[in-house]
Amino acid sequence: MKTKPTYVYVTYIATTPAALWKALTTTDLISQYWLGRMNISSWKKGSILESRDPDGELEWHGKILESKRPNRLVYTFDVVGRKEGPSRVAFDIEKHSAKVLKLTVTHDKFPDRSKIFQGIQLGWPKILSNLKSLLETGQAITFASKD
Amino acid sequence: MNPKPKFVYVTLITTTPEKLWEALTNPEFTAQYWGGTRLESDWKVGSFVDFRWRDKVVHHDTILESNPPRRLSYTFRPLHMEELLGEAPSRVTFEIEEFTDLARPEEKAVKLTVTHQEFAEDSKIFPMISSGWPHILSSLKTLLETGHAIVFKW
């Protein structure tokens, strides 16, 4: 039985669900931890999401499928210039204690033999590690190169 | 054919390889982020590493590789739950890589890759460690970056 590739990343962050939701849905904050990218959307269900690189080029776009502040955000992930169809990204935010939450990122619905699936394996740990650092220390790692 | 279970976790930490190695091998540090567990060893290949939790030795594993501050590997076999004693030891490997392409040259950052493998297909330990490692590694990152580990409610 072949199973479609699924990527799951769990991290615990010393922050509140409200602060994390804000970091996930505010373009200025996103560019600080998402490797310089700007993700732009109204974040309402059904609306478009665009992700532009530091030069303003559109890299990927998606549609908001679910937006349940502050616990669940789901959107499609469609890379510009690739033949593969869109995959799906889900952020699930659960409170662990008064000061700590659990963030689970699930990136799935990739086609079989997806090339994009290979590419996201290092992208997500970089982005999510940076998100955690930004929320806990006020600063994220800035890489010199665009990637 | 089911592939053998393998757990891989990658995290980036604003620290140096030396400080991360210290945090992985000094029991005063491990106790802070590893749920109170002291990892005690001389960290030489072939030596034992004892996991001490509330004065009980809950692991008595063997160091397989030790290249400070880049690569550390040891066997993994919990001793404190009878229903798990039938499983053969698995293997944990920590790989530490330093980033050199940072925009701010005074900044330090490393990539830590933890690979936990050599489980049987029906391993009961595998789902436990898959849940445990994100707790431990998240707390380790917070300790190195803020000075305080995350303390979990169990």
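**Around Y74(B)**

Modeller: In this predicted model, Y74(B) has a relative accessible area of 0% and is therefore buried. Leaving out residues up to four places away in sequence, Y74(B) touches W34(B), L39(B), W43(B), V49(B), F51(B), T62(B), I63(B), L64(B), S90(B), R91(B), V92(B) and F94(B). Y74(B) is also named, together with Y33(A), Y75(A), F91(A), L103(A), W124(A) and W133(B), among the residues that touch the most other members of the largest nonpolar core, which has 76 residues. Apart from that core lies another, of five residues, and its members include V10(A), Y12(A), V100(A) and I150(B). As a general background, nonpolar side chains in soluble globular proteins tend to be buried together.

In chain B, seven strands form an open sheet in the order β1-β7-β6-β5-β4-β3-β2, with antiparallel pairing. Its edge strands are β1 (7-13) and β2 (38-40) of chain B, each of which pairs on one side only. On average, and with direction ignored, neighbouring strands of this sheet are turned by 25° against each other. Strand β4 (residues 56-67) of chain B and strand β5 (residues 71-76) of chain B run antiparallel and are joined by four bridges, and within this pairing I63(B) stands opposite Y74(B) in β5(B). Two helices pack on the sheet, and one of them comes from the other chain: helix α3 (residues 115-137) of chain A touches β1 and β7 (110-117) of chain B, its direction making about 45° with that of β1(B). Helix α1 (residues 17-25) of chain B touches β1, β2, β4, β5, β6 (90-98) and β7 of chain B, and its direction makes about 155° with that of β6(B).

Over all chains, a search of the whole structure finds 21 aromatic pairs. One of them is formed by Y12(A) and F152(B), an edge-to-face pair with 5.0 Å from centre to centre and 80° between the planes. Because Y12(A) lies in strand β1 (residues 7-13) of chain A and F152(B) in the segment after α3 (125-146) of chain B, this pair joins two chains. Y12(A) counts as buried at 4% relative accessibility, and F152(B) counts as buried at 11%. Y74(B) itself takes part in a ring pair with F51(B): the ring centres are 6.1 Å apart and the planes stand at 85°, so this pair is edge-to-face. The pair links distant parts of the chain, since F51(B) lies in strand β3 (residues 48-53) of chain B and Y74(B) in strand β5 of chain B, 23 residues apart. F51(B) is buried as well, with a relative accessible area of 2%. Ring pairs also link Y33(B), W34(B), W43(B), F51(B), Y74(B), F76(B), F94(B) and W133(B) into a cluster.

I64(A), whose place is in strand β4 (residues 58-68) of chain A, stands opposite Y75(A) in β5(A). At 1% relative accessibility I64(A) counts as buried, and beyond its neighbours within four places in sequence its contacts include W43(A), L49(A), L73(A), V74(A) and Y75(A). Strand β5 (residues 72-79) of chain A is largely enclosed by the rest of the structure, because six of its eight residues are buried. That strand also pairs with strand β6 (residues 87-95) of chain A, in the antiparallel sense and over six bridges, and R72(A) stands opposite D92(A) in β6(A).

Conventions:
Residues numbered from 1 in each chain as written. Chains lettered and ligands numbered in written order. Predicted model: local features only at pLDDT ≥ 70, side-chain atom pairs only at ≥ 80, totals over all residues. Heavy atoms only, no water. Core = buried A, V, L, I, M, F, W, Y, C linked by side-chain atoms within 4.5 Å. Buried < 20%, exposed > 50% of the residue type's maximum accessible area, 1.4 Å probe, protein only. Contact = heavy atoms within 4.5 Å. Pairing = 2+ DSSP bridges. Axes fitted to C-alpha atoms, helices over the stretch in contact; angles between N-to-C directions. Phe/Tyr/Trp six-rings, centres within 6.5 Å; stacked < 30°, edge-to-face > 60°.
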